[in-house]
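Let's walk through a protein model together, one feature at a time. Take a look at it first, and then we'll talk.

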Amino acid sequence: MQDGISRKPNVYLVGPMGVGKTTVGKLLSDELDLEFVDIDREVEFRAGADIPWIFDVEGEEGFRIRESRALEEIAARRGQLIATGGGVVLSQSNREIIKKEFCVYLKADLSQLVARIGKDKKRPLLQKGDPCDILMRMLELRDPLYREVATCIVQTDSRPMRQVVREIVKLFKLHNSR
C-alpha cells in the first residue's frame, strides 16, 4: 500500500446463477489475498431486504438499478474479489466496468445448474415457469455477454471448487506476468 491506496487489482467472477461464484469467490479471495465482495449480498445490505423482497416490490428493473449502483461504487475501490450477480452483464455500463479488470466466466452445463438451483425458492427469476426452460433462455441471452467481459472461461461442472480455484490462480498469475 502506498498513500493508503491498494495497488492490487480487482478480480471479477461472472456467470449464471448457481455456477458457484460465491463459493469460488470466497476461496479465491483468500488465495489471491483480496477482499471478498458479493454484489447480491451488498444489494441486500444496502436495501435492508433480501433479493426476493426487492423483486416483489421493485421488480427486476428496480433490482438491476440497485445492482448497477452497487457495482459502480464497489469497482471504485481496489484489491477486491467481486462475485457478481448472474444478470449484471445485461447492462452495457456494467460490462464496461468489468472488462477493465481480470474477469473469470464461471461456466456450467444447463443440467448441472438445474440440479444445483432448480428448486431454490430464493431465486425470483426461476419462480415463473419451468426452471430448466428459464435457465436455458437466460444462458442463450447471457452467454455472449459473459464471453464479452471474460478474460478467461473456467468450467465448474462436477469439479471440486478447490480445483477450480487452483486453475483460476494459475490463469491470474499467467495474465499478470505479461
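**Reading the model step by step**

Q: Where is the place of Lys 121?

A: Lys 121 sits in the loop between helix H5 (110-117) and H6. Helices (H or I, at least four residues) and strands (E, at least two) are DSSP runs, numbered from the N terminus. By the way, this is a predicted model: local features need pLDDT of at least 70, side-chain atom pairs count only at pLDDT 80 or more, and totals for chains, interfaces and linings use all residues. Residues are numbered from 1 along each chain as its sequence is written, and side-chain values use heavy atoms, with hydrogens and water left out.

Q: Is Lys 121 buried or exposed?

A: Buried means under 20% relative accessible area, exposed over 50%, and partly exposed in between (1.4 Å probe, protein chains only). Lys 121 has a relative accessible area of 66%, so it is exposed.

Q: What pattern does the chain follow along the sequence?

A: Going along the sequence, you get β-α-β-α-α-β-α-β-α-α-β-α. That is 7 helices and 5 strands. The radius of gyration is 16 Å, close to the 16 Å that the globule rule gives for 178 residues, so the chain is as compact as a globular protein of that length. Here the radius is taken over C-alpha atoms, and the rule is 2.2 Å times the number of residues to the power 0.38. Those C-alpha atoms fill a box of roughly 50 × 35 × 25 Å along the principal axes.

Q: How much of the chain counts as buried?

A: Of the 178 residues, 48% do. Contact means heavy atoms within 4.5 Å. Among contacts with a separation of 6 or more, 75% come from residues 24 or more positions apart.

Q: Which residues of helix H4 are buried?

A: In H4 (residues 92-99), they are Asn 94, Arg 95, Ile 97 and Ile 98. Seen down the axis of H4, these buried residues fall within an arc of 160°, so they line one face of the helix. The arc is that of the directions from the helix axis to the C-beta atoms. Their cover includes strand S1 (11-14), helix H3 (51-75), strand S4 (102-107) and helix H6 (131-149).

Q: What is Ser 68 in contact with?

A: Leaving aside neighbours within four places in sequence, Ser 68 is in contact with Ser 91 and Asn 94. Ser 68 lies in helix H3 and counts as buried, at 18% relative accessibility.

Q: What is there to notice about the phi of Asp 33?

A: Most residues other than glycine have a negative phi. Asp 33, though not a glycine, has a positive phi near 55°. You'll find Asp 33 in the loop between helix H1 (21-32) and strand S2 (35-38), and at 55% relative accessibility it counts as exposed.

Q: What about Ser 158: where does it lie?

A: Look in the loop between strand S5 (152-155) and helix H7 (161-176). Ser 158 has a positive phi too, of about 45°, although it is not a glycine. With 66% relative accessibility, Ser 158 counts as exposed.

Q: And which residues does Ser 158 touch?

A: Not counting residues up to four places away in sequence, Ser 158 touches Gln 112 and Arg 116. The C-alpha atoms of Ser 158 and Asp 109 are separated by 9.8 Å, and the two residues are 49 apart along the chain.
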